[in-house]
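Work through the following exercises with the sequence and the model open beside you. Try each task before you read its solution.

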Amino acid sequence: EGMMASIFNEVKSQSLPLPFPRLTWAEAMDRYGLDKPDTRFDLELKDISDIVEKSGFKVFSSVVKKGGIVKALNAKGCIDFSRKEIDDLTAFVAVYRAKGLAWIKVREDAWQSPIAKFFTDEEKARLSDRIDMQPGDLVFFVADQPAVTNEALGHLRNHLGRRLGLIDDSRFDFVWVTHFPMFEYDEAEKRHQALHHPFTAPLEADYGKLESDPLAVRSRAYDLVLNGFEVGGGSIRIHDMALQQRVFAALGMTPDDYTEKFGFLLDALESGAPPHGGIAFGLDRLV
C-alpha cells in the first residue's frame with residue numbers, strides 16, 4: 001500500500017487514502033459478481049434466490065432447486081431502453097454463457113415484463129424491497145449456476161457502468177480481495193484443482209475441512225485490484241510439511257505422486273523452512 005501511494009503521488013501527483021478497503025472473495029462475488037470489482041460506481045448485484053425458490057416462474061425456481069442462484073441488477077432510471085437494446089444486452093451476457101436475461105420495467109402503476117405474472121403479491125413486495133425497485137427502473141435477472149450468474153451479471157454491470165456514464169475516470173479505487181477459495185472442481189478431470197497453486201496456505205480456521213469439504217476451504221491468497229483490474233497478487237505459502245501433504249492429498253495426489261514431483265520441496269519443509277509469502281505486481285498493468 002505504501003509503495004502504491006508513493007508511486008501515485010510521484011507519477012500522478014495524486015494522494016491515495018490509506019489503508020485500502022478490503023473485500024473477501026465471497027463478498028466481492030456476492031456484490032459485484034467478479035473477483036476484480038470496479039468499485040468506482042454502485043449498481044451492486046442482489047441475490048434473490050431465497051425469494052424465488054418456490055415461485056411460479058419455473059425458470060427461476062428450477063435453477064435454485066438444482067443448486068444454482070438467481071441474481072438481479074437494477075439499472076436505475078433505464079426504463080426507456082428499447083426492446084432491441086434489451087435484446088443486445090441478452091446477446092452480451094450470452095458471451096458469458098448465460099442462457100437468457102429476464103427483465104422487469106417498473107412503471108408507476110405496475111411491472112411491465114413477460115415474467116411479472118408469475119409472482120405473487122408477497123414475492124413482488126419482497127423483490128421490490130430487496131432490489132430497491134422504484135418507478136423508472138429496469139431490472140435484469142440471470143438464473144444459472146453461481147459461476148455463470150456472477151460472471152454474466154458482473155460483466156453486464158461493468159458494461160452498463162460505462163454506458164450510463166457512472167464511472168469517474170479521474171478516480172483510482174484500490175481494493176484488496178482476500179480469502180480466495182483454496183480449490184475448484186474440474187468437471188473434465190473429475191478432481192479438485194488448486195485455484196492459485198498447491199503451495200498456497202489455507203486459512204488456519206479451515207484446516208479441518210481439507211479432507212471433509214475441500215471446496216469450503218479458504219486460502220491466504222490476496223489480490224490488489226485497481227478500477228476493475230488485478231494489478232498484483234500473492235499469498236502466504238505453506239511452510240509445514242504435514243500441512244503440505246494434506247493439501248496434496250486433497251488434490252487427489254498419492255504419496256508416490258507428490259514425492260516424485262515435489263520431494264525436494266517436502267525435504268526443504270522438513271528441514272525447517274520459515275513462514276514466508278509475497279506479492280508480485282504487474283508493471284504493465286499499472287501503466
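**Exercise 1.** Find which element gives the largest share of the nonpolar patch.

Solution. The largest share, three residues, comes from α1, where helices (H or I, at least four residues) and strands (E, at least two) are DSSP runs numbered from the N terminus. The patch itself is made by M3, I7, V11, I279 and F281 and covers about 430 Å² of surface. A patch of this kind takes residues with over 30% relative accessible area and no salt bridge, joining nonpolar side chains (Val, Leu, Ile, Met, Phe, Trp, Tyr) within 5 Å and like charges within 9 Å. Both α1 (2–12) and β12 (277–281) supply at least two residues of the patch. I279, whose place is in strand β12, counts as partly exposed because its relative accessibility is 38%; buried means under 20%, exposed over 50%, and partly exposed in between (1.4 Å probe, protein chains only).

Before going on, note that this is a predicted model, in which local features need pLDDT of at least 70 and side-chain atom pairs count only at pLDDT 80 or more, while totals for chains, interfaces and linings use all residues. Residues are numbered from 1 along each chain as its sequence is written, and side-chain values use heavy atoms, with hydrogens and water left out.

**Exercise 2.** Determine how helix α5 and helix α7 pack.

Solution. Two packed helices are described by the angle between their axes and the distance between the axes. For α5 (residues 83–94) and α7 (residues 146–163), the angle is about 135 degrees and the axes are 9 Å apart. This makes α5 oblique to α7, since angles under 35 degrees count as roughly parallel, over 145 as roughly antiparallel, 65 to 115 as roughly perpendicular and the rest as oblique. As a further step, look for a salt bridge between E85 and R163, whose closest N and O atoms are 2.6 Å apart; a salt bridge is a side-chain nitrogen of Lys or Arg within 4 Å of a carboxyl oxygen of Asp or Glu. This pair links helix α5, which holds E85, to helix α7, which holds R163, across 78 residues.

**Exercise 3.** Explain what the salt bridge of R40 and D169 ties together.

Solution. The two side chains meet at 3.6 Å, N to O. R40 lies in the loop between α2 (25–32) and β2 (46–47), and D169 in the loop between α7 and β7 (174–178), so the pair ties together parts that are 129 residues apart in sequence. R40 counts as buried because its relative accessibility is 12%, whereas D169, at 65%, counts as exposed. Finally, D38, R40 and D169 are linked in a network of salt bridges.

How values were computed. Accessible areas come from the Shrake-Rupley method with a 1.4 Å probe; for residues, only the protein chains shown count as cover. Axes are lines fitted to C-alpha atoms, for helices over the stretch in contact, and angles run from 0 to 180 degrees between N-to-C directions.
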